[in-house]
Amino acid sequence: MALKPISRIAAGVQASTTLVIDSLFKQMKAEGKDVVGFGAGEPDFPTPEHIKQAGIEAIENNLTRYTPAAGLMELREAACYRLKTDFGLEYEPKQIVVASGAKHSVYIALMTLCNPGDEVVIAAPYWVSYSEMVQQAGAKPVIVAAGEEQDFKITAAQLEAAITDKTKAFMLNSPCNPTGMVYTREELEAIADVCCRHNIYVIADEIYCNLVYDDIEFVSFASLNEDVKNRTIIVNGVSKSYAMTGWRIGYSASNPELAKVMSNYLSHSTSAPSTISQHAAIVALKGPQEDMQVMKQAFEARRDHLVERMNRIEGVSCIKPQGAFYVMMNMKNFLGKQMYGKTIESAEDFAQLFLEKGLVATVPCTAFAAPAFVRWSYATSLAEIDKGLDRLEEFIKNA
């Protein structure tokens, strides 16, 4: 007898399209090939010593038991301190919900807000997991795209045109993965006006908030006014700013009613994240911030070098990102062309061939709603960046 079908929602979840390239990269590396990787969505720096020490001390002091579902009170206080110090935002600890990474926080926010049939507008290019998570919540992703000529940033008018009576929320990511672009205060104010008039929630993913370059102002969406703050769920964490990706600590800040529901949701799903990681995150948020500045300066220097060199290579180009650690390489000149006996019909084709023939792994951006681009991460050394760009030149020249 055939078993009954599984959940339609679960069956509809797509594996990340970037995994094909990534698994090929790992296989080639295991075979001893000299491949260079630019796919990493994480800093290549070690977690700062004082933060590591806090984790070690938590273990040695037997701080290894369960915490409340929403996280340690001291960690929620530390998140409030950070939001007040950095953005002037006033939150109480009961408005902070700690989760297993910022990705988890986005997921919980969507599960809290969405009913089946609701619509969530997503500004594109967007991080590949957003649309899948919206669908996991039983809602429908509505993609609003901005091209390179718009600096990859959607306008308030585009957002307004996408809103229907089913729209529940808008997903905003600034600085953005994959584009690295940062919305200005004026752009955010115009978007906020639309959200308030149409009475929709905003999930503001601000995980890259500390990685903004050229003295550009970062504006936290919730800081615009009280109405905006009340309808916004800020998502942040320690992974990118403090090189703590594997510690898995994210958090959200929202109005008390939303925070209570998110906490309840956690209490019946994962409960709180690792207690050891929480203790380390307290020190990250409340302790010295100098390590973060050193890392940021290194990223800025790498970005400048990568952008300058990439724009000198014939056939490809990029605009200068303002934050995060990604560059969007425009490869549309190769679409429809023959390279190494193959017709390039997509960014996937280009990325796969570049890995096979050029021994460089990049991320094709079709699944990020940017089909003529591949993403390079500059969370790697200048020497590796140069090696990758040398190989890009050879790859194009010899095609």
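Colleague: How many cavities of 30 Å³ or more does a search of the whole structure find?

Modeller: This is a predicted model, and a search of the whole structure finds 3 cavities of 30 Å³ or more. The largest cavity has a volume of about 80 Å³, and 14 residues line it, with Ala 123, Pro 125, Asn 173, Cys 176 and Tyr 183 lying nearest its centre.

Colleague: Which elements each supply at least two residues of the lining of the largest cavity, and what is the lining by class?

Modeller: Strands β3 and β5 each supply at least two residues, and the largest share, 3 residues, comes from β5. By class, the lining of the largest cavity has 11 nonpolar, 2 polar and 1 charged residues.

Colleague: Turning to the pockets, what is the volume of the largest pocket, and which residues are the closest to its centre?

Modeller: The volume of the largest pocket is about 990 Å³. Its lining holds 41 residues, and the closest to the centre are Gly 39, Gly 41, Trp 127, Lys 240 and Arg 375. Among the elements, α2 (18-30), α5 (102-113), α6 (129-136) and β14 each contribute at least two lining residues, and α2 gives the most, with 6 residues. Sorted by class, this lining has 18 nonpolar, 14 polar and 9 charged residues.

Colleague: How much space lies in the second largest pocket, and which element gives the largest share of its lining?

Modeller: About 250 Å³ of space lies in the second largest pocket, which is lined by 16 residues, with Gln 14, Ser 16, Val 128, Ser 129 and Glu 132 nearest its centre. The elements that give two or more residues to this lining are α5 and α6, and α6 provides the largest share, 5 residues. By class, the lining of the second largest pocket has 7 nonpolar, 7 polar and 2 charged residues.

Colleague: How many salt bridges are found in the whole structure, and where in the chain do Lys 168 and Asp 118 lie?

Modeller: Side chains of opposite charge can pair when their charged atoms come close. A search of the whole structure finds 25 salt bridges, and one of them is formed by Lys 168 with Asp 118, whose closest N and O atoms are 2.8 Å apart. This pair links distant parts of the chain, 50 residues apart, with Lys 168 in strand β5 (residues 167-173) and Asp 118 in the loop between α5 and β3 (119-124).

Note on methods: Residues are numbered from 1 along each chain as its sequence is written. This is a predicted model: local features need pLDDT of at least 70, side-chain atom pairs count only at pLDDT 80 or more; totals for chains, interfaces and linings use all residues. Side-chain values use heavy atoms; hydrogens and water are left out. On a 1 Å grid over the protein atoms alone, a cavity is a set of points where a 1.4 Å probe fits but cannot get out, and a pocket is an open set with protein on both sides within 12 Å along at least five of seven lines; lining residues have an atom within 4 Å of a point. Grid points are joined across faces, edges and corners, and a volume is the space filled by probe spheres set on the points. Helices (H or I, at least four residues) and strands (E, at least two) are DSSP runs, numbered from the N terminus. Ala, Val, Leu, Ile, Met, Phe, Trp, Tyr, Cys and Pro count as nonpolar, Asp, Glu, Lys and Arg as charged, and the others, Gly among them, as polar. A salt bridge is a side-chain nitrogen of Lys or Arg within 4 Å of a carboxyl oxygen of Asp or Glu.
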